[in-house]
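Subject: Structure handover

Hello,

Here is the structure you asked about. My notes on it follow below.

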Amino acid sequence: MPLKLLHTADFHLGMTFNNRPYPKDVRKQLVEARFEALARAVEIANNEKCVLLVIAGDLFHRANVAAESVVRAVDILKRFEGVTAVLPGNHDYFEPYSTLWALFRDEAFDELVLLTERKHYKLHDYGIEAVLYPAPCDSKHSAENRLGWMKELAGKSEALWHIGVAHGTVRGVSPDFAEQYFPMEESELAALKMDHWCLGHTHVCYPDLPETGREPFLYSGTPEPDGFDCRHRGTVWITELDDDGIQYSRKVETGQFRFREIEREIRSSGDFEKMHKELAEEGSKTLVKLKLCGSLPESEYRERHAFYDRLGEMLLYLEWDDSELTVEITPEVIDSKYPSGSFPHKFLRRMAEKGNPEALQAAYRLIEGVRE
Ligand SMILES: [Mn+2]
C-alpha cells in the first residue's frame, strides 16, 4: 500500500498583521484565516485518506505565541485521523526552555509527533513503515543548517520510506542573501538519499507545478496568503510514495484570501469601470494595493475618490497610490492654474502648442512635483 501524506508548513498562527493599516475587522479575519487554514488542511488530509500530516516548520509565528493559540492548534490537529508530525521552524524554533514546545508537549496526544530532536523518528508503532529525519530549527537565524546529524548516521534503520523534514532555504530556490535561514544545498539533500524531502520556510510552493513525480525536494508554501508579496492562493502538497519508489505529488489550493498588487495606467473613467468589473469577480476576500498612473480630464480626476470608495466597498481591503495619476493638461487647465505670464504658464503653453501630449503631461508633472 502506498504511503499517502499531506505536506504543509508556514501557517504562522498568531501573526498579528500590524504591518499595514488594516481596519480592525479585516485584521481579525486575517488572523482567524490562519487557524481556518489549519482546519482545512486537516479536513483535506482526512478526505484524501492521508495517514501522515507533515508540518515542516513555522506552524506558529513566534516562539512566545499565546498559550491559547497552542491549545487551539492542538485541538484542530486532534481531528486528523492519521499521525501528525510537527517540525520547529525558525519562527517557532525549539530550545530546551521553550515554553511554546513545553506547552505543546503537555497538550499533545498519541498521534502527534514533535520533531524537536536531531534524531530519527520511527513511525512503525503507528502502523506506518516510515522513518522521519528532521532538521529542527533551534534559533531564529543560523548560517548553518541542521542536516549535520543525518550525515553522521552510520546507516538508516529498516523502513520502506525515509523522509527528510527540514525548515530553511535552498540555494538557488529561496532567497537568503544574508545566508541566515539555515541554508541548504540541493546536492546536500540529494547526498542524504531520502525517498522524499518535505521542506518549509519559503511561502511559495516549489516546484511551481500542479503535479509532479520524484523531486529532489518540495516546498509546500504557505496554505494561506499573508501579504502583498504572496501572489498565489495558498497551497499544500498531497504526496503518494509507492513501495516501488514511485512518487506522485499533487498541489491543492487551500487559501481563502487573496492579495493583489495592481499597477494600471488610467486614461479615462472607462478604465476605472473596466478595473471595477475585473475585480468584481474577485469578491470580498480580496485585498488590493493599487498603483495608478496616467491622466484624466479634470472633471473625472476630481471624481476619482468616488471610484476608490466604490472599489473599497466591494473588496475586503483597498489601498491606493495615485501620486502618478494627474489631471489631463489642456490650454484651459494651464490658464486656470497658473497666472498668465508666469514661468509655468509660458512654458506649458509653449509645450501644448507643440502637440506632444505626453511631453506636456511629463512637464506638468515635473512642475507640480517642484511646487510640492
Ligand atoms: Mn520560516
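**Around F11**

F11 touches R34, A37, L38, D58, L59 and P223, leaving out residues up to four places away in sequence. Please keep in mind throughout that this is a predicted model. F11 sits in the loop between strand 1 (3–8) and helix 1. Is F11 buried or exposed? It has 28 C-beta neighbours inside 10 Å, so it counts as buried; the cut-off for that is 20 or more. A191 is 180 residues from F11 in sequence, and their C-alpha atoms are 29 Å apart in space.

**Domains and cores**

The protein is divided into domain 1 (3–253) and domain 2 (258–371). Their centres, taken over C-alpha atoms, are separated by 45 Å. Seven residues from domain 1 and six residues from domain 2 make up the contact.

The largest nonpolar core has 79 residues, and A85 and V165 have the most contacts inside it. Helix 1 gives the most to this core, namely seven residues.

As for A85, its contacts are L52, V54, I55, V113, L115, L132 and V165, once neighbours within four places in sequence are set aside. Another core, of five residues, lies apart from the one described above; I329, L348, L360 and Y364 are among its members.

**Helix 2 and what packs on it**

In helix 2 (residues 67–77), the buried residues are S69, V70, A73, I76 and L77. Seen down the axis of helix 2, these buried residues fall within an arc of 125°, and they therefore line one face of the helix. As background, an α-helix has 3.6 residues a turn, so residues three or four places apart point the same way. The cover over the buried residues of helix 2 includes helix 1 (24–47), strand 3 (83–86), helix 3 (99–107) and strand 4 (112–114).

How do helix 2 and helix 3 cross? Their axes come within 10 Å and cross at roughly 40°, and the crossing is right-handed. On the helix 2 side, A67, V70, V71 and V74 take part; they meet L100, L103, F104 and E107 in helix 3.

**Backbone points to check by eye**

Y206 and P207 are joined by a cis peptide bond, with omega about -5°. P207 is in the loop between strand 8 (196–200) and strand 9 (211–212).

- F182, with phi about 50°, lies in the loop between strand 7 (161–167) and helix 5 (186–191). It has 27 C-beta neighbours inside 10 Å and so counts as buried.
- K193, also with phi about 50°, lies in the loop between helix 5 and strand 8. With 10 C-beta neighbours inside 10 Å, K193 counts as exposed.

**D242**

D242 is in the loop between strand 11 (235–241) and strand 12 (247–253). Its 14 C-beta neighbours inside 10 Å make it count as partly exposed. D242 touches P2 and Q247, not counting residues up to four places away in sequence.

Regards

Definitions and conventions. Residues are numbered from 1 along each chain as its sequence is written. This is a predicted model: local features need pLDDT of at least 70, side-chain atom pairs count only at pLDDT 80 or more; totals for chains, interfaces and linings use all residues. A residue is buried if 20 or more other C-beta atoms lie within 10 Å of its own, exposed if 12 or fewer, and partly exposed in between; C-beta atoms are placed from the backbone. Helices (H or I, at least four residues) and strands (E, at least two) are DSSP runs, numbered from the N terminus. The arc is that of the directions from the helix axis to the C-beta atoms. Two residues are in contact if their C-beta atoms, placed from the backbone, lie within 7 Å. A nonpolar core is a set of buried Ala, Val, Leu, Ile, Met, Phe, Trp, Tyr and Cys residues joined through C-beta atoms within 7 Å. Axes are lines fitted to C-alpha atoms, for helices over the stretch in contact, and angles run from 0 to 180 degrees between N-to-C directions. A crossing is left-handed if the near helix is turned anticlockwise from the far one by less than a right angle, and right-handed if clockwise. Domain bounds come from an automatic or database domain assignment.
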